[in-house]
Structures are given as C-alpha cells and as structure tokens.
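This briefing concerns a predicted model. Please examine the sequence and the coordinates together before reading the points below.

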Amino acid sequence: MGIFSKGKVRYLNSVKWLSKNSIHLSEPAECKPQEFEFLRHIVKDKRIVWLGENGHNIREHNMMKSKIIEFLHKEMNFTVLAFESGLAECFSANELKEEFTDEDFLKNAIYSLWATKENLSLFQLMKKSDLSLIGIDINPSSNPDLFVKFVQQLSSVVSEDTIEKIEYIEAGVYKWYYQLGQYKARRKKVPAEMLHEFAEFKEKASAVIGDLEASLHEEYVLRLENHELVRQFKIILRCLQNRLYFINHFHNNYRTYKKSKRKTNEGKFRMDLSRTVP
C-alpha cells in the first residue's frame, strides 16, 4: 500500500483517519473482556471470524488474539478454533488433550512459531471447555507420532495393518519434510540421489494412501449409525489426502508449492473461529 509513502501531509492525514476510525483498547496485558463488547454487534450473525496479524512473533498480537478468542467463545458461543498448523496434528492433539499437560497440548498441536507462553492460556481454555482445535495446513507441524497415536485409539475398529501403513506414511512425510526442507530453506539444489530416493517414497506412499482411503471408506460407511466414528474416519481420510497432496507438491518450486498449499487450505476449512448460528 502506498498510502503512507506519498508525502508527510498524506501520511499524517492517514494516521488521523486511522485514529478516528479505530476502536482503542487497553494495552494487551491490561485489556479486559468488556472492552471487546463492540464485537457483539459486528459478528452477531456471523459463523466465521478471521483473526490476522501484520507480522509473526509479535508478543502483543498473540496476547490480544487469545483474549478476543476467549471473549468470542464465552460470550458468543464460537466453538471451533482453526490454527495455521497441520490438520492431522491439531485434530489429534485436540482428541488426545486430556492426556496432555497444558504445555504439551500446546507444543504437540501447532508450529513452534505459535507455541509460545502468550498462547498457553488459549490452550488451557480449550482443555477445560468445549472450544475445539483444528488445523488448516497440509504441512506437518509437530511430531510424527501424534496422528498415529490417535489412530491407535481406534484399534478396536481399525486393523493393525492399517495402523502400520499410517505409521509408514507419517514417518516418511516427516523425514522428507525436514530433509528436503533444509535445502529449500537455504535455496540449495537437492542432490540427485536424494531426489531419486524421495521419488521412490512418493510412488510407494501414493499407493499406500490409495489403499488406506479405500479400506477406511469401507469401514466408516459400514458404521454410518455411529456418528462419532464417522466423524473421526472422515478426518483421518482428510488427513491422508493432505499427506498425499503434500508429498506430490512439496518439491515444486516455491511459488507453485505456496499456490497449491493455499488452494488446499482454502478448500478445506477457511476459518479461524467458527460457531453454529441459529
């Protein structure tokens, strides 16, 4: 935006306009819930609220967003929080949150970028309320054991072979995310032998995920009367589809990968905080 770069007068006029048309709040550490009452009118008939930021790793942003989310949940009945982190990791951590300490829930769910002490209160709130966590990214975001651990909880209806196949996919996805990611982060060319090994994994993983999709679809279709089981199987299928999309597109050039990643995220959840509106 060039609005602030067209001379001092225009800049000062812009600051004046922003000041006049903004809602002034207390400092993040002192801000009280009643200061967000203005949101009640703004989002009264909305199902989805997006919460953005103008930069990562800003302490005050995390503090303020946590307080806004708490207000929207407690006062306006928003019940789903979507983080920019892996779908598989966030969903699994949410399903297993009773087994975690507050800190472990935070660290197991989301990218380390967001796993800060300023966001801890938000995860404490999710542990003691019906506010649920979900992820909107295709990249893995914490550790390869989390999604597998959740699937293992369903061992009474999911075969051992299925669990072993998911373990194979998760281990491979994390391995290549970090190995190829080191080269992508430094803008370095990936060695040919490494690309060959990755291509072999991609081919095998695609076949394994195809088999898993077919078998899991049959499992949940046969249990349509168990709505909770259907929900869990649908999320597992979506997580596996994300892994396949990640495997197929991760080694694209940066712009193509970002475009593919954004398209997948938007087609999936497109929300930050959601509720059911009568």
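How accessible is E228: buried, partly exposed or exposed? E228 counts as partly exposed, because its relative accessibility is 39%; buried means under 20% relative accessible area, exposed over 50%, and partly exposed in between (1.4 Å probe, protein chains only). The model is predicted, with local features requiring pLDDT of at least 70 and side-chain atom pairs counted only at pLDDT 80 or more, whereas totals for chains, interfaces and linings use all residues. Residues are numbered from 1 along each chain as its sequence is written, and side-chain values use heavy atoms, with hydrogens and water left out.

**Salt bridges**

- The structure contains 15 salt bridges, a salt bridge being a side-chain nitrogen of Lys or Arg within 4 Å of a carboxyl oxygen of Asp or Glu.
- E228 forms one of these with R231, at 2.6 Å from N to O.
- E228 and R231 are separated by about one helical turn, because they are three residues apart in helix α10 (residues 227–249); helices (H or I, at least four residues) and strands (E, at least two) are DSSP runs, numbered from the N terminus.
- R231 is partly exposed, with a relative accessible area of 34%.
- A salt bridge of 3.8 Å, N to O, connects the side chains of R59 and E60; R59 is partly exposed at 44% relative accessibility, and E60 is partly exposed at 36%.
- D102 and K127 pair through their side chains at 3.9 Å, N to O.
- This pair links distant parts of the chain, with D102 in helix α5 (residues 102–109) and K127 in helix α6 (residues 120–127), 25 residues apart.
- D102 counts as partly exposed, at 24% relative accessibility.

**Surface patches**

- D145, E160, E164 and E167 form a negative surface patch.
- Patches consist of residues with over 30% relative accessible area and no salt bridge, like charges being joined within 9 Å and nonpolar side chains (Val, Leu, Ile, Met, Phe, Trp, Tyr) within 5 Å.
- Asp and Glu count as negative and Lys and Arg as positive, while His and the chain ends are not counted; the place of a charge is taken as NZ of Lys, CZ of Arg, CG of Asp or CD of Glu.
- D145 sits in the loop between β3 (132–137) and α7 (146–152) and is exposed, with a relative accessible area of 56%.
- A nonpolar surface patch comprises Y11, L12 and V15, which together have about 260 Å² of accessible area, computed by the Shrake-Rupley method with a 1.4 Å probe and only the protein chains shown as cover.
- V15 belongs to helix α1 (residues 8–20) and is partly exposed at 38% relative accessible area.

**Backbone and helix geometry**

- Helix α8 (residues 160–185) has 26 residues and spans 37 Å from its first C-alpha to its last, close to the expected 38 Å; the expected span is 1.5 Å times one less than the number of residues.
- R187 follows α8, lies in the loop between α8 and α9 (192–221), and has a positive phi near 60 degrees.
- R187 is exposed, at 67% relative accessibility.
- Most residues other than glycine have a negative phi.
- N77, which is not a glycine, has a positive phi of about 65 degrees and is found in the loop between α3 (59–76) and β2 (80–86).

**A buried position**

- L87, in helix α4 (residues 87–95), is buried at 1% relative accessible area.
- L87 and L240 are 153 residues apart in sequence and 10.0 Å apart in space, C-alpha to C-alpha.
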